[in-house]
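Trainee: Could you take me through a close look at one part of this model, the nonpolar core and the aromatic pairs, and explain how each ring pair gets its description?

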Amino acid sequence: MDNKNRGLIAILVIALVIIIDQASKIWVKTNMSLYESIEIASWFKIYFVENNGMAFGMEVIGKLFLSLFRIVAIGFIGYYLYTLVKKQYSKGYIACIALILAGAFGNIIDSVFYGEIFSASYQGHVASFVSLGDGYSSWLHGKVVDMLYFPLIEGTFPSWLPMWGGENFIFFSPIFNIADSAITVGIFILLLFYRKTLSQSLEKKA
């Protein structure tokens with residue numbers, strides 16, 4: 001019974017994150033043109049961008065390698081989560097790993113499928129669903145949709161400051177999505193409350 005409860009928690013967390021993540025991405029992709037912005041508040045905007053890279057728009061390695069790496073990583077994390085449920089680890093720890101797995105899975109859906117099922121997004125043009133093979137790219141080469149933007153503080157550096165004097169700045173400029181948020185929250189809670197559990201579980205696996 002305990003295993004079923006833990007397994008159910010993991011499934012619910014993963015399903016909820018993926019559903020919200022994909023619903024928000026599909027809505028943005030099919031209702032907004034690239035770089036279009038909707039202001040929710042002065043410190044929060046829906047700002048549509050796409051990227052080929054990792055979380056928060058970073059691009060450091062090739063797209064195909066990144067997509068394949070994500071798939072392999074999801075396999076490892078999924079198996080790790082399965083062992084945690086089987087060995088009856090705490091529900092909070094399982095939920096953290098489930099958040100990380102769901103976030104990784106949410107972004108890999110974009111990478112694997114979006115290039116095949118969507119037309120291209122660009123300024124002044126809203127994308128739409130298309131038949132397989134008519135999309136803007138091929139399998140594993142889709143772009144990840146980002147839209148959450150929190151320009152919490154905007155201002156100008158003092159003129160006397162070396163190098164950046166007089167330039168505008170934005171505090172917290174990354175644009176991200178629900179999947180990125182799930183990964184970040186999962187890792188943050190993991191490091192804050194479950195570092196000992198993490199190290200013990202990895203030692204046991206080793």
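**The core and its aromatic pairs**

Mentor: In this predicted model, the largest nonpolar core has 41 residues, and the members that touch the most others are Leu81 and Tyr93. At least two residues of this core come from each of helix H1 (2-31), strand E2 (44-51), helix H2 (63-86), helix H3 (91-117), strand E3 (144-149) and helix H4 (178-193), and the largest share, 15 residues, is supplied by H3. As a general background, nonpolar side chains in soluble globular proteins tend to be buried together. If neighbours within four places in sequence are set aside, tyrosine 93 is in contact with Tyr80, Leu84, Leu190, Tyr194, Thr197, Leu198 and Ser201.

Leu81 also takes part in a helix pairing, for H1 and H2 pack with their axes 8 Å apart and at an angle of about 150 degrees, and the contact is made by Asn3, Arg6, Gly7, Ala10 and Ile14 on the H1 side and by Leu81, Val85 and Lys86 on the H2 side. Sorted by class, this contact of H1 with H2 comprises four nonpolar, two polar and two charged residues.

Turning to the rings, a search of the whole structure finds 12 aromatic pairs. One of them joins phenylalanine 65 and phenylalanine 69, whose ring centres lie 6.4 Å apart and whose planes meet at 15 degrees, and because planes under 30 degrees apart count as stacked, the pair is stacked. Phenylalanine 65 is exposed, with a relative accessible area of 53%, whereas phenylalanine 69, at 45%, is partly exposed.

A second case is the pair of phenylalanine 113 and tryptophan 139, where the ring centres are 5.8 Å apart and the planes stand at 85 degrees, so the pair is edge-to-face, the word used for planes over 60 degrees apart. Since phenylalanine 113 lies in helix H3 and tryptophan 139 in the loop between H3 and E3, the pair ties together parts that are 26 residues apart in sequence. Phenylalanine 113 counts as partly exposed at 39% relative accessibility, and tryptophan 139 likewise counts as partly exposed, at 41%.

Finally, ring pairs also link Trp43, Phe44, Phe150, Phe172 and Phe176 into a cluster.

Definitions and conventions: Residues numbered from 1 in each chain as written. Predicted model: local features only at pLDDT ≥ 70, side-chain atom pairs only at ≥ 80, totals over all residues. Heavy atoms only, no water. Core = buried A, V, L, I, M, F, W, Y, C linked by side-chain atoms within 4.5 Å. Buried < 20%, exposed > 50% of the residue type's maximum accessible area, 1.4 Å probe, protein only. Helix = DSSP H or I, 4+ residues; strand = E, 2+ residues; numbered from the N terminus. Contact = heavy atoms within 4.5 Å. Axes fitted to C-alpha atoms, helices over the stretch in contact; angles between N-to-C directions. Nonpolar A, V, L, I, M, F, W, Y, C, P; charged D, E, K, R; others polar. Phe/Tyr/Trp six-rings, centres within 6.5 Å; stacked < 30°, edge-to-face > 60°.
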